[in-house]
Amino acid sequence: MLASSEVRPDGVARALQAVRPEAIERELMRLALEATGARHGALFLWDRGARALRLVHHVVEGVTVTIPSTFVTRDGQRAGVALHVLAEGEPYLCGDTGKDA
């Protein structure tokens, strides 16, 4: 787990400023996984052109999984945690997506 100082916004900002721009997404995932104790995680960013969430970083059991051009939209797909967070505008920590309503 991360030290409490690294979880605070200023600690996260310092950690992200210390990495190369092309490594920010990977570092953000590392921080999130360590802070939550999760083994799996995904980072989605809003893609204005596609008007959808774009999967930019996905980790399963410590392995980065690359799925190019993966988008999640409200139309025709299960909402899932990412779309719930987008719709609500609030962070959400899901302990088990298989059991989460």
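Setting aside its neighbours within four places in sequence, Val56 is in contact with Glu25, Leu43 and Leu45. This is a predicted model, and Val56 also belongs to its largest nonpolar core, a set of five residues.

**Nonpolar core**

- The largest nonpolar core is made up of Met29, Leu33, Leu43, Val56 and Val59, and the elements that give two or more residues to this core are helix 3 and strand 2.
- Leu43 is one of the core residues, and Leu43 is also among the contacts of Val56 once neighbours within four places in sequence are left aside.

- Leu28 has its place in helix 3, where Leu28 is partly exposed, with a relative accessible area of 31%.
- With neighbours within four places in sequence left out, Leu28 is in contact with Leu16 and Leu43; Leu28 and Leu16, although 12 residues apart in sequence, are 7.1 Å apart in space, taken from C-alpha to C-alpha.
- Glu27 likewise has its place in helix 3, and Glu27 counts as buried because its relative accessibility of 12% falls under the 20% cut-off.

**Salt bridges**

- Side chains of opposite charge can pair when their charged atoms come close.
- Glu22 forms a salt bridge with Arg20, in which the closest N and O atoms are 2.7 Å apart, and both Glu22 and Arg20 are exposed.
- The side chains of Glu34 and Arg30 meet in a salt bridge with an N to O distance of 2.9 Å; because Glu34 and Arg30 are four residues apart in helix 3 (residues 24–36), they are separated by about one helical turn.
- Glu34 is partly exposed, with a relative accessible area of 31%, and Arg30, at 30% relative accessibility, counts as partly exposed too.
- Glu61 forms a salt bridge with Arg39, the closest N and O atoms being 2.9 Å apart, and the pair links distant parts of the chain that are 22 residues apart.
- In this pair, Glu61 lies in the loop between strand 2 (52–60) and strand 3 (63–65), while Arg39 lies in the loop between helix 3 and strand 1 (40–47).
- Glu61 counts as partly exposed at 49% relative accessibility, whereas Arg39 is exposed, with a relative accessible area of 54%, and the cut-off that separates these two classes is 50%.
- Salt bridges that share partners join Glu27, Arg30 and Glu34 into one network, in which Glu27 counts as buried, while Glu34 and Arg30 are partly exposed.

**Nonpolar surface patch**

How values were computed:
Residues numbered from 1 in each chain as written. Predicted model: local features only at pLDDT ≥ 70, side-chain atom pairs only at ≥ 80, totals over all residues. Heavy atoms only, no water. Salt bridge = Lys/Arg side-chain N within 4 Å of Asp/Glu carboxyl O. Buried < 20%, exposed > 50% of the residue type's maximum accessible area, 1.4 Å probe, protein only. Contact = heavy atoms within 4.5 Å. Core = buried A, V, L, I, M, F, W, Y, C linked by side-chain atoms within 4.5 Å.
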